[in-house]
Amino acid sequence: MLKGIIFDLDGILIDSEPIAYSILQEMVSAYGGYISLDDYTVNYLGRTVAMGLSTIKSVFNTPETEEELMEIYLRKEQEKLIEGVPLRPGVKELLVYVKTCGYKTIVASSSIRERAENILKSYDILKYFDDMVFGCEVPKGKPHPDIFLKACEKLGIQPHEAIVIEDSEAGIEASYSANITTICIPDMKYPDKHYKNMVCYLFDSLFDVMRLLEEYGQMQM
């Protein structure tokens, strides 16, 4: 029986992945580097910022420490966030629906808590979540299953009682490894066949998720 829904943040609730990509691109361009879209989706998308900056440090041999790179990244991101990060279509409608149905909800993100809370508060949707869990709270981030298992623990449910809504291949692998039903709504990259086989549902938008839950609810009546 479905009891809880686990939402990724970037690429699912907010349309922020293009922003992250542009920031990393700006950073490596200072060293004459370039990150292709394919490279970004494979090696950065869905992972923590710290993991991405560690990759940049290694690949481009930057003179800054990873801590200094983080300061640069957060400063650039803050500048862009002031301009606003749009919600993905269907977010508010789905959140209202799942809470009306009594499902437990949680955000499981590789992001940073303060950033996530500020963005969700700005759209007045933080109130729809029972809890949040972030990459810094678990031993290993996505694509490892730790963050989703922690999300289930926080909600007080078992993995088979949850679904995960993800966009990235790293998130898909993490959810699959946690033995949680996975819904993928692709953002910057359509999942390769290997990851597509890990997904139970592949949808175009969050409105499709709402229709699925409506059908599920009718089956339980």
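Predicted model: local features only at pLDDT ≥ 70, side-chain atom pairs only at ≥ 80, totals over all residues.

1. Which residue of E3 does Ile106 stand opposite? Ile106 stands opposite Asp131.

2. Residues are numbered from 1 along each chain as its sequence is written, and side-chain values use heavy atoms, with hydrogens and water left out.

3. Strand E2 (residues 104–109) pairs with strand E3 (residues 131–134) in the parallel sense, over four bridges. Pairing requires that DSSP finds at least two bridges between the strands; helices (H or I, at least four residues) and strands (E, at least two) are DSSP runs, numbered from the N terminus.

4. With helix H6 (residues 113–122), E2 and E3 make a right-handed β-α-β unit. Right-handed here says that, with the strands pointing away from the viewer, the path from the first strand over the helix to the second runs clockwise. H6 lies across E2 and E3 and runs at about 140° to E3. Contact is heavy atoms within 4.5 Å; axes are lines fitted to C-alpha atoms, for helices over the stretch in contact, with angles from 0 to 180 degrees between N-to-C directions.

5. Four parallel bridges also link strand E4 (residues 162–166) to strand E5 (residues 181–184), with Val164 opposite Thr182 in E5. The chain passes from E4 to E5 through helix H8 (residues 169–177), in a right-handed β-α-β crossover. H8 lies across E4 and E5, at about 165° to E5.

6. E5 is joined by two bridges to strand E6 (residues 201–202), and the two run parallel. Ile183 has Tyr201 as its bridge partner in E6.

7. The open sheet has six strands in the order E3-E2-E1-E4-E5-E6, with parallel pairing. E3 and E6 stand at the edges with a single partner strand each, so one side of each has no neighbour in the sheet.

8. The axes of helix H1 (residues 17–29) and helix H3 (residues 49–60) come within 11 Å and cross at roughly 25°. H1 is therefore roughly parallel to H3 (angles under 35 degrees count as such). The crossing is right-handed, the near helix being turned clockwise from the far one by less than a right angle.

9. At this contact, Leu24, Met27 and Val28 in H1 meet Leu53, Ile56 and Phe60 in H3. The contact residues divide into six nonpolar, no polar and no charged (Ala, Val, Leu, Ile, Met, Phe, Trp, Tyr, Cys and Pro count as nonpolar, Asp, Glu, Lys and Arg as charged, the others, Gly among them, as polar).

Key. Parallel < 35°, antiparallel > 145°, perpendicular 65-115°, else oblique.
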